[in-house]
Amino acid sequence: MPLPLTPASRAENYGRRRNRTSAMVSLRSLRNLIILICFLVLCVRFARVWDDISLLTEDTDNFGSTEDFKFHNRESRESIDTPGLSACLLVKDENDRLPEWIAYHLTTAPLKFLIVAVDPLSKVEPTDILTRFNGTDGLVIWQWTDDDYMPPRILKKAQEQFQLYKRGVRKPDDKAQAHTFHVMRQNHFVSACLLRMKLLGKKWVFHIDADEFLTFNSIDGEQDPYPSLSGANYVEQAISGSIRKEDWEETAELWRSGVSQYKEGMVPGVSGRSKEIMRMREQVPKVGSETIEKFILKNKKRPPFSDRRGFMLPRLYFSGLRSDPDIVRANVPKGFEPTNLFTMKYLMHAKRGWFEHNGHGKTLMDISQFKIGTFPLFGIAVKNVHNLMMQDRARTMYETSYSDEDILPFNDALFRVHHYSGSWESFSFKSDGRRTKEDYKKKNGILDPLLSDDIRPWLQAFVNKVGIRVAQELLRDTGKVEGSAG
């Protein structure tokens with residue numbers, strides 16, 4: 001028989017039970033507190049996601065119309081599901097370039113869906129130009145402001161910065177601030193635009209600037225880089241100092257692994273895949289005779305379309321120095337002044353395939369091949385607008401701003417991007433501290449510039465597409481910088 005508990009033992013047991021109960025209550029309280037905190041965090045995260053989803057799916061009012069061309073900010077699903085290429089474009093004081101840019105890509109891509117974001121620091125608005133083009137040959141244009149694509153918490157910061165500029169506390173030509181402000185807006189715009197393209201079921205999408213023109217990378221036996229240097233020329237430039245030292249230091253480790261993929265092409269020939277692409281380059285049509293979309297469809301079972309979901313577009317930089325007047329005026333349709341068109345009057349460019357002046361490329365991607373989960377909804381912006389296809393995985397564009405694939409060997413590209421600095425008046429019209437006279441002279445100080453004029457036939461093809469009267473109306477005021485005499 002157990003001995004009866006003494007009063008002291010009973011008191012001791014009671015104390016233990018009470019302590020144990022108190023400990024359990026404390027643990028429960030801690031657990032409940034943790035659960036509450038997690039719940040609140042999830043609520044905040046969900047609210048942010050909901051803001052982002054609402055931002056990208058809500059309709060906004062139409063912008064109005066003109067007598068001849070109606071501008072829809074939102075179209076029915078049937079009108080959006082059209083063939084052709086789509087593009088994301090951020091503009092700031094580029095009305096002198098914009099009509100030519102739209103007309104050119106409408107003809108050569110053909111561009112059928114365009115989202116344009118306008119920097120709030122712009123001195124001029126592009127709405128009249130977009131209104132003029134919208135609906136032409138099935139082209140649908142949406143115009144976005146910061147409210148349409150920036151997550152609310154980022155938008156608030158952007159608006160605060162904008163008010164500082166507006167009150168004169170900060171000046172738009174503050175070099176560091178202007179660049180940071182622009183990069184933040186561009187990265188968030190590209191992220192939202194790509195997601196919108198995916199939600200709308202678009203296919204081939206490109207993101208370039210208003211001073212850049214997408215075209216075929218036709219072969220030129222005299223100007224193309226020697227095949228054995230297609231991958232090595234950037235490394236050689238880094239050694240010689242042509243690439244900025246800080247760029248080389250940041251990407252050196254990536255290059256050690258990245259350039260190796262072109263090793264077969266360095267000594268002395270090129271890889272089998274590169275040879276196939278070279279054969280395709282021999283078959284690219286003349287500008288204006290066939291669209292980029294048609295070329296892709298014809299060759300969809302061949303690389304890079306058969307084994308890539310997107311690829312880099314090397315750039316070719318054209319100097320702002322005017323070319324021979326006789327060449328500039330050759331083969332121009334009647335009723336057009338070629339000196340008003342960037343693609344007609346600026347024909348001298350840097351050496352093909354070299355980093356200096358040409359710089360990093362841009363991206364053309366088949367967004368239909370990416371799962372919706374590739375594009376996060378948490379206000380995460382891309383980090384590298386030059387390369388949206390790192391390692392053929394769009395997800396990496398949210399993870400790093402550097403990649404060995406930022407630079408594609410020129411000979412391995414079926415398309416390239418012509419990049420025009422334009423005149424000093426056009427170049428300097430933007431309020432941007434990076435656009436100094438010294439910078440302009442440096443950009444145009446090309447040693448031994450070369451001439452290319454294979455893009456010229458686009459204008460005649462555009463006239464053939466829409467007719468002379470409509471073409472003249474659409475290209476009205478092209479090349480005219482507001483406030484300039486010319």
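Predicted model: local features only at pLDDT ≥ 70, side-chain atom pairs only at ≥ 80, totals over all residues.
Biologist: What makes up the secondary structure of the protein chain, and how much of the chain is buried?

Modeller: The secondary structure comes to 18 helices and 13 strands, and buried residues make up 51% of the 486 residues in the protein chain. Of the contacts with a separation of 6 or more, 79% are accounted for by residues 24 or more positions apart.

Biologist: Why is α3 called largely enclosed?

Modeller: Buried means under 20% relative accessible area, and 11 of the 11 residues of α3 are buried, so α3 is largely enclosed by the rest of the structure.

Biologist: What does W101 touch, leaving out residues up to four places away in sequence?

Modeller: W101 touches A87, L89, L111, L114, F206, I208, D209, A210, E212 and F213. Two of these residues, D209 and E212, are also linked with R315 and K362 in a network of salt bridges.

Biologist: Which residues of helix α17 are buried, and what covers them?

Modeller: In α17, which spans residues 458–466, the buried residues are W458, L459, A461, F462, V463 and V466, and what covers them includes α3, α13 and α18. Just after α17, G467 takes a positive phi of about 95°.

Biologist: Why is L33 called partly exposed?

Modeller: Partly exposed lies between the buried limit of 20% and the exposed limit of 50%, and L33 has a relative accessible area of 45%, so L33 falls into that class. L33 is found in helix α1, residues 7–57, and together with L30, I34, L36, I37, F39 and L40 makes a nonpolar surface patch of about 660 Å².

Biologist: How do you know that D146 and R185 form a salt bridge?

Modeller: The rule asks for a side-chain nitrogen of Lys or Arg within 4 Å of a carboxyl oxygen of Asp or Glu, and the N to O distance for D146 and R185 is 2.8 Å. The pair links distant parts of the chain, with D146 in helix α5 and R185 in helix α7, 39 residues apart, and both residues are buried. By this rule the count comes to 17 salt bridges.

Biologist: What makes D220 and R352 a salt bridge, and is each residue buried or partly exposed?

Modeller: The closest N and O atoms of D220 and R352 are 4.0 Å apart, and the pair is counted under a rule of within 4 Å. D220 lies in the loop between β7 and α8 and R352 in the loop between β10 and α14, 132 residues apart. At a relative accessible area of 22%, D220 is partly exposed, whereas R352, at 1%, counts as buried.

Biologist: Why do D477 and R476 count as partly exposed?

Modeller: D477 has 45% relative accessibility and R476 has 36%, so both values lie between the 20% and 50% limits. The side chains of D477 and R476 meet in a salt bridge, at 3.9 Å from N to O.

Methods: Residues numbered from 1 in each chain as written. Heavy atoms only, no water. Buried < 20%, exposed > 50% of the residue type's maximum accessible area, 1.4 Å probe, protein only. Helix = DSSP H or I, 4+ residues; strand = E, 2+ residues; numbered from the N terminus. Contact = heavy atoms within 4.5 Å. Patch = residues over 30% accessible without salt bridge, like charges linked within 9 Å, V, L, I, M, F, W, Y side chains within 5 Å. Areas by Shrake-Rupley, 256 points an atom, 1.4 Å probe, with all protein chains shown as cover.
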